[in-house]
Amino acid sequence: MKTKEIREKFLNFFKNKEHLVLPSYPLIPQDDPTLLLIGAGMAPLKPYFTGEKKPPHFRVATCQKCVRTPDIDRVGKTARHATFFEMLGNFSFGDYFKKEAIQWAWELVTTVYNLPENRLYVSVYQDDDEAYDIWHKTMGLPEKKIFRLGKEDNFWEIGQGPCGPCSELYYDLGFEFGCGRPNCQVGCDCDRFVEIWNLVFTQFNCDAGGNYQPLSQKNIDTGAGLERMAMALQNVPTFYEIDIVKPLLDYFVNLTGVRYGENPEEDVSLRILTEHLRSLTFMVVDGILPSNEGRGYVLRRIIRRAVRHGRLLGLEGLFLYVAVPLVAQVMGDVYPELKEREEYTVKVVQLEEERFRETLEQGLNMLSTHLVDLQRQREEELPGEVAFKLYDTFGFPLDLTREIVEEKGLKIDEEGFKAQLERQRERARSAQKQDTVEIKANLEPFKGQSVEFLGYNTLEAEARVVAIFNGEVSVDKAEEGQEINLILDRTPFYAESGGQVGDQGKLTWEDTWVEIQDAQPGPYDLVLHRGRVNRGEIYTGQKVKAAVDSTIRGRICRNHTVTHLLHKALKEVLGEHVDQAGSLVSPERLRFDFTHFAPLSRDEVKKVEEIVNQQIWENFSVETEETTLQGAREKGAMALFEGKYEENVRLVSIDNYSLELCGGTHVKSTGDIGLFKILSESGIGTGLRRIEALSGPGAYHFFSEREEILNRVSAELKTKEENLIPKLEAFLQSYREMEKEKQRLLNKLAAQEGDELLGTTVQVKGIPVLAAQVEVSEMEGLRSMADQLKVKLGSGVVVLGSAKGEKVLLIVAVTPDLVKKGLHAGKIVGEAAKQAGGGGGGRPDMAQAGGKEKDKLPQALEQAVLMVEKLLV
């Protein structure tokens, strides 16, 4: 059975069990700071398990893309470990529980997949008698096929969030794939018994302190590894031989010329290349870029580990990025984004490969030298400072260094590495101030409170005050002058989301006036209104009139709609690889981050700007509609970078030009935007660019200010605006000619003054030294005079100083014959400058310096002469 069929049969089976089938979420978690990456099918569904959000259906089934790296060091060494995998899952949010989950799992594997029952085993948590009895008494499994295992094996949790005991299904690959020990059974760490399905009975929530609190509703979270299920159904002993992985393995076998199955060490490298190629491709496609922090560092580790193992197999130069299209070829029918973003993904991987190649050889040489020294000295531990230098200077992830070191039978001082890393981070933290504001009020009591958002259709509405918070404390009322947060039962205020800032406005009723300064999303779909009581008092249960500032909202709407036009225009000008990577939509301006690999040329910026303005002037209508996620995709909507996880989504269309999923507020027609102007385009990271721009009144004021500048320049040059360029060119030409004449006269004066200065030359140990203060205000003039004097001296040292203007200027010139005798202009001028409160240096034959204390210039010149004498010793 092909992997595609396994996936389809699973989802159809649960669809027939009244489950809503959802597409895979992106690998980047949404609104979950506890996770770097989606590592399980339930991870993006956590808010539904905790009750923070209402699920689109009480029964859900998915096939979820996942990345996990805790076992990265085992990838390639076992038959089943992987960093990237697909997790088949069925979920219940307070609906069915253990009995149905167990019954349906057994039904699917034995009657749909037709796996032989004699090769199936199960495990349960050691204290879960309920699950044991269902397997034994209800399903009829003999006791010898049911194993009780401890918390490490049969209690599921991943960071903070839902967790609970679990029951696992195992497939016996056969005695020949085991460890050979007589006590080999389910739970053994060999490759014989492969876990194919994990049924998690989610009963608890793990908080930040590691405490387990019973959930208000019991849930089911199951995960069946697609690749492991394929191993069983395709009757192959390893993950690398299933139909969607073997083509990649075969590719690297042919590329390297290595015969698979003959050399265990080479096999490990081939498997690592194969597995990591899948992982890095899906990560980049989902918007992750290599970096030294967070999920970007996970990607960097995977790419660089693959590169190193390719090198072990004899692959030189760049090879990894060339293989990326193969992943799209094998899996693009299921994940079309692999083909849609193929060009972009190839480029990201190529850039990372190139960057690592530049330092790989140097880093390996340095590490090899240290390892040889350790072995010679009979030491067993690589110092943490060395591992950190490899990481910081040569880009070696710690686990890559660890892998190389362990191959030599040694280990790393990881505590020393962590200490070095923390010192670096502390330096970075002290270099920047972070200003974060958090609302820490306990909002659990308002979990069931529904808040109706009215802001798409109206900017004013009557509402009732549900709660008031003064800091973290819930209060019944607030008085004049107090800063508070409020929850209303209905609101026209848009809460900050998707890059769009929160609305501003006011709450009024009779003598009460509360200025609303911001609106933020809270848990449980609440909206928190931050404000100040400017008059009267406000209390819970009070009726108020909520009014959004229409001027500010209008500017926000213009800037938001124009980001959609900008997104589309960038794709037209630069290519389909362009995707949104972040945004800020405020009343004053907009910021748009996007994926691209090079700065935009002036022509490209101009073209983008022209396209956007053309769409504005066409006055296209802007329409919104509520639809399903699948319906939006079928219409060809562009999903925003962070992904949309709700089944029902809002679709924003601008005529036939732009179609995006978006929950923000927009203008009614593009003509309402008026005007668009790009202020800047810059790089913000590898493969990431940023545009800052203005629209509407902001763009108008920008051009108005520029017009005023032009008017002032025209007045100064006494010409009309249309004649400014030729007038300015003529002015600059005249200026350049005057500068040349000025320099000619300065050189003439310098020559005359130089002749007079030659008479002040003194002998220092037989060497002519000319040290003098001159009336030259620029370093260029000093340098010219020094060159002339050096030529006239033939052999000697010239020291000139000037105290004109705000600073002291010093220059020292030494003829070539004296440089050979040990005189050094940089050392001389450096010591001299210290006398005048400054510093400097340079080449042996010519060097310059500056100082702050003008009255100390004579001492500085004297010190230069003394330094000449000192160097001639």
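H560 lies in helix α16 (residues 550–574). Helices here are DSSP runs of H or I with at least four residues, strands are runs of E with at least two, and both are numbered from the N terminus. This is a predicted model, in which local features need pLDDT of at least 70, side-chain atom pairs count only at pLDDT 80 or more, and totals for chains, interfaces and linings use all residues. Residues are numbered from 1 along each chain as its sequence is written, and side-chain values use heavy atoms, with hydrogens and water left out.

**Overall build**

- The protein's secondary structure comprises 24 helices and 35 strands.
- Its C-alpha atoms fill a box of roughly 115 × 85 × 50 Å, taken along the principal axes.
- Of the 873 residues in the protein, 51% are buried. Buried means under 20% relative accessible area, exposed means over 50%, and partly exposed lies in between (1.4 Å probe, protein chains only).
- Among contacts between residues at least 6 apart in sequence, 68% join residues at least 24 apart. A contact means heavy atoms within 4.5 Å.

- H560 is buried, at a relative accessible area of 3%.
- Neighbours within four places in sequence aside, H560 contacts Q500, V585, C662, G664, T665 and H666.
- R300 sits in helix α9 (residues 294–312). R300 is buried too, with a relative accessible area of 8%.
- Not counting residues up to four places away in sequence, R300 touches P290, S291, N292, E352, R355 and P397.

**Helix lengths and faces**

- Helix α1 (residues 3–15) has 13 residues. From first C-alpha to last it reaches 18 Å, close to the 18 Å expected at 1.5 Å a residue. The expected span is 1.5 Å times one less than the number of residues in the helix.
- The buried residues of α1 are T3, I6, R7, F10, L11, F13 and F14. They cover an arc of only 155 degrees around the axis, so they lie on the same side of α1. The arc is that of the directions from the helix axis to the C-beta atoms.
- Helix α10 (residues 320–331) has twelve residues and reaches 18 Å between its first and last C-alpha, close to the expected 16 Å.
- L320, A323, V324, L326, V327, A328 and M331 are buried in α10.
- Helix α19 (residues 697–717) has 21 residues, which should span 30 Å at 1.5 Å a residue. Its end C-alpha atoms are 30 Å apart, which agrees.
- A699, F702, S714 and L717 are the buried residues listed for α19. Their arc around the axis is only 110 degrees, which puts them on the same side of α19.
- Y700, R712, A715 and E716 are exposed on the other side of α19.
- K718 follows α19 and has a positive phi, near 55 degrees.

**Cysteines**

- The count of disulfides is zero, where a disulfide is a pair of cysteine sulfur atoms within 2.5 Å.
- C179 is in no disulfide; its nearest cysteine sulfur, that of C188, is 3.7 Å away. C179 is partly exposed, with a relative accessible area of 32%.
- C184 is in no disulfide either; the sulfur of C190 is the nearest cysteine sulfur, 3.6 Å away. C184 counts as buried, at 14% relative accessibility.

**Pocket and cavities**

- The second largest pocket has a volume of about 1,200 Å³. Of the 38 residues lining this pocket, R68, D71, E168, E195 and R228 are the closest to its centre.
- A pocket is an open set of points on a 1 Å grid over the protein atoms alone, with protein on both sides within 12 Å along at least five of seven lines; a cavity is a set of points where a 1.4 Å probe fits but cannot get out; lining residues have an atom within 4 Å of a point. Points are joined across faces, edges and corners, and a volume is the space filled by probe spheres set on them.
- Elements that each supply at least two residues of this pocket's lining include β3 (84–93), β7 (161–172), β9 (212–225) and α6 (226–233). The largest share, six residues, comes from β8.
- The whole structure holds two cavities of 30 Å³ or more. The largest cavity has a volume of about 70 Å³.
- I72, D73, K77, R305, D399, R402, E403 and E406 line the largest cavity. Helix α14 (residues 398–407) gives the largest share of that lining, four residues.
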